[in-house]
Amino acid sequence: MSRASWRRAGPLAAVTAAALATTALTAPTAYAGASAAEEPPEQIVNGTFDAGHAPWWGTANLTLDSSTGQLCADVPGATVNPWDAIIGLDNIPLAAGETYEFRFFGQATPGRVGKALIQLPVDPYTQYLSATPELSVSGNDYRYTFTAPVDLPNAQVAFQLGGSTEPWRICLDNISLRGGAEPDVYEPDTGPRVRVNQVGYLPKGPKKATVVTEATAALPWQLRDGAGRTVASGQSTPRGLDPSSGQNVHTVDFGRYTRPGTGYTLVADGETSRPFDLGYAFYEQLRTDALKFYYTQRSGIEISEELRPGYGRPAGHVGAAPNQGDTQVPCQPGVCDYTLDVSGGWYDAGDHGKYVVNGGISVHQLMSEYERSLRAPTGQPGHLGDRTLALPESGNRVPDILDEARWEQEFLLRMQVPAGRPLAGMAHHKIHDDSWTGLPLLPHLDDKRRELHPPSTAATLNLAATAAQAARVFQPYDRAFAARNLAAAKTAWAAAKANPEVYADPADANGGGAYNDPDVSDEFYWAAAELYLSTGAPEYRDFVLASPHHTGDVWRERGMDWGNTAALGRLDLAVLPSGLPDRARVRASVAQGADRYLATLRAHPYGIPYNPSDNLWDWGSNNLIINNAIVLATAFDLTGATRYRDGVLETMDYLFGRNALNQSYVTGYGEVASRNQHSRWYARQLNPELPNPPRGTLSGGPNSAIQDPVAQQKLRGCAPQFCYIDDIESWSTNELTINWNAPLAWIAAFVADQDAGGAPHPRR
Ligand code: 9MR
């Protein structure tokens, strides 16, 4: 049947056809279907919930819980329609004429009839399969078949659970839809099997490479210079199967060769690596590029074509049509009855949202990069000074890195609830469009309604932490601004103490990310640490000393990030001067954390300080990896032990191409590098008149949960390192963000400060 004639036949015909083909297995026994070898392809992503439930979603009245290995939810009572509560999954490809088998395990307490649909995801919600499983307390397996009447790239699985006066609980598991065409097999072009840092190695630093090979015994290797002459040789070390890539690999160590130069290659197992340098100029360049990224992320100001050739654009969200903000932004309906001027700041990522929690860690890490340059034995503050970043403010005698940080910090201050209003002193969690926009879309062309979302304790503590830090950092340059920040920090702290459990709603994610965080004890610790370091006041010191994070293990296996901030506080307490009674222990704890990340790196065949024990890589894995390198770098600053510095350099090798995909994750760095990061305005992949992201932009990197349609179509079944695609629509593996470039900038400055990689030198 053609698509058009099917449409005329209407949804009822589909329901009937589906119902005829329906068989429910009432016994919870395994279904004796075709053998695995003959089974048609699986179309459902993550139907087993062994490690979370992404990309499944629920309506706002459901909290999905997959902690037991099943997908469960408490369904509220007093709903009217079946569709008032839904658990769903999007982007299932259907092929016309193909027969599918839909199976799942379902259980309800108390027992209840549910509704399981496979349907069009938009009006008129045409149903290709409609089943009404009688869910029992003991649970059953269900099986249905249907023939797809249409070709559709994005059918939806929907369990409609509403319509009950009484509350109940549902659990689902082993959800499977088999049939249809084999999904496209996407084969990334990974080039030569010898994997190197395609940008370069410090002449006196470690130099390692990875060879992907079937060989189990050591292999000979040769290092060739730019003229093709062999300048060093040796034998590889077999490392066996690497679970993060599914590859058998060897390590090559050519660290003893130290002559600077360009165009080196490494040869092993009949393959020649991509070229690389021995030098450090590229880190000097990255120190600048990674920070220059922020100016073109700015909201509320025209981006000058003169300062950023190819990137000039009108100011976004300055109250000029078609923009609806950000100079007078109302709250979401019912949240507040005032408007705020929350213009300025940086756009978070590829979207036009601005989020206090994520702005917080980003501006903090920029200010910390600056503070490090002043205090670390190898710090070189001159490289971060005035006129280093080609900003509109360059020439104002303030270090450019602080001018850039101030652009964001001013925005964070504007997000604070004014005196006299409910929850005064807290910070609104975020501001963004009331629904998602498409790509490409330049900031000044966004016509959606902008809304303030409710204040949260997490946002308030991000404001307290960054404002406290800004108070000390800006003191020498602008005392009034410093004082304004200190006052805001203290007010925010008091407001957070008075409202310690106001959490952002995880379902509040239409038009922007949720950035929800159910545990803010780490934000409390971080904010108290910054307030203490800036004021020395006993109140904050006592809070720090009493916090479980002060003596607890803050060195997460996965790394620190916007939702896990305890390590930010610990690092600053370790490196900044204070009268903290147990400061020596705090400093020693950084080396302990670094030793753990170093052990992970050394055990990893690709030399990565990140290896989650569940072998599932996170959204934004690159930022976790590089944040772990910040712990290593800080341990180097504190102890001078070169093993920590070497760990940082090896981490950069991974990001610059010594990885399973044989590519650099930083735009403009390395022969093959990410350049199509998800962005509404650096959208060259969609419109050749727009630019790619600027040089020095970090991509989020492999994400095992493949949470966007492109990744789900192309990367199904990927080993962690392969869960990445340089496609602008792959927002869950390939976005750019302000919080990912911040640790990149921090580390770039750290490595540039090491010059050629010899012994630590005194500060210049
Ligand atoms: O970086 C965020 C990641 O840790 C979360 O898992 C993910 C889903 O909530 O959201 C990421 O943040 C995105 C945000 O929600 C919206 N702007 C783009 C951010 C980067 O992808």
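Is Cys331 buried or exposed, and what relative accessibility does Cys331 have? Cys331 counts as buried because its relative accessibility is 4%; here buried means under 20% relative accessible area, exposed means over 50%, and partly exposed lies in between, with a 1.4 Å probe and protein chains only.

A few notes for your read-through follow. This is a predicted model, in which local features need pLDDT of at least 70 and side-chain atom pairs count only at pLDDT 80 or more, while totals for chains, interfaces and linings use all residues. Residues are numbered from 1 along each chain as its sequence is written, and side-chain values use heavy atoms, with hydrogens and water left out.

1. **Domains.** The chain is split into domain 1 (17-178), domain 2 (194-279) and domain 3 (280-506); these bounds come from an automatic or database domain assignment. Between the C-alpha centres of domain 1 and domain 3 there are 42 Å.

2. **Disulfide count.** A disulfide is taken as a pair of cysteine sulfur atoms within 2.5 Å, and by this rule there are three disulfides. With the bonded cysteines numbered in sequence order, they pair as 1-2, 3-4, 5-6. As a reminder, a disulfide is a covalent bond between the sulfur atoms of two cysteines.

3. **Cys72 and Cys171.** These two cysteines are joined with an S to S distance of 2.2 Å. The link ties together distant parts of the chain, 99 residues apart: Cys72 sits in strand E3 (residues 71-75) and Cys171 in strand E12 (residues 168-179). Helices (H or I, at least four residues) and strands (E, at least two) are DSSP runs, numbered from the N terminus. The torsion about the S-S bond of Cys72 and Cys171 is about 115°, so this disulfide is right-handed. Cys72 counts as buried at 2% relative accessibility, and Cys171 counts as buried at 6%.

4. **Cys331 and Cys336.** Here the S to S distance is 2.0 Å. The disulfide of Cys331 and Cys336 is right-handed because the torsion about its S-S bond is about 100°. Cys331, from the opening question, is buried, whereas Cys336 counts as partly exposed at 22% relative accessibility.

5. **Cys718 and Cys723.** A disulfide with an S to S distance of 2.1 Å connects Cys718 and Cys723. The link of Cys718 and Cys723 is right-handed, with 105° about the S-S bond. Cys723 is buried, and its relative accessible area is 0%.

6. **The five-stranded sheet.** Five strands make an open sheet in the order E2-E4-E11-E7-E8, with antiparallel pairing; two strands pair if DSSP finds at least two bridges between them. Strand E2 (57-58) and E8 are the edge strands, each pairing on one side only. Strand E7 (residues 115-119) runs antiparallel to E8 over four bridges, and Leu117 has Ser130 in E8 as its bridge partner. E7 also pairs with strand E11 (residues 152-160), in the antiparallel sense over five bridges; there Ala116 stands opposite Phe159 in E11. What about the cover of E8, residues 127-131? Strand E8 is mostly covered, since five of its five residues are buried.

7. **The four-stranded sheet.** A further open sheet has four strands in the order E13-E15-E19-E18, and its pairing is antiparallel. Strand E13 (194-195) and strand E18 (237-242) stand at the edges with a single partner strand each, so one side of each has no neighbour in the sheet. E18 and strand E19 (residues 247-253) run antiparallel and are joined by five bridges, with Gly240 opposite Val249 in E19.

8. **Helices H12 and H15.** The axes of helix H12 (residues 621-639) and helix H15 (residues 738-752) come within 9 Å and cross at roughly 35°. Axes are lines fitted to C-alpha atoms, for helices over the stretch in contact, and angles run from 0 to 180 degrees between N-to-C directions. Residues that meet across this pair include Ile626, Ile630 and Phe636 in H12 and Trp740, Leu744 and Phe750 in H15; contact means heavy atoms within 4.5 Å.

9. **Arg313.** Arg313 lies in the loop between helix H2 (281-292) and strand E23 (329-330), and Arg313 is buried, with a relative accessible area of 6%. Leaving aside neighbours within four places in sequence, Arg313 is in contact with residues including Glu302, Tyr347, Leu442 and Trp681. The C-alpha atoms of Arg313 and Pro612 are separated by 41 Å, and the two residues are 299 residues apart along the chain.
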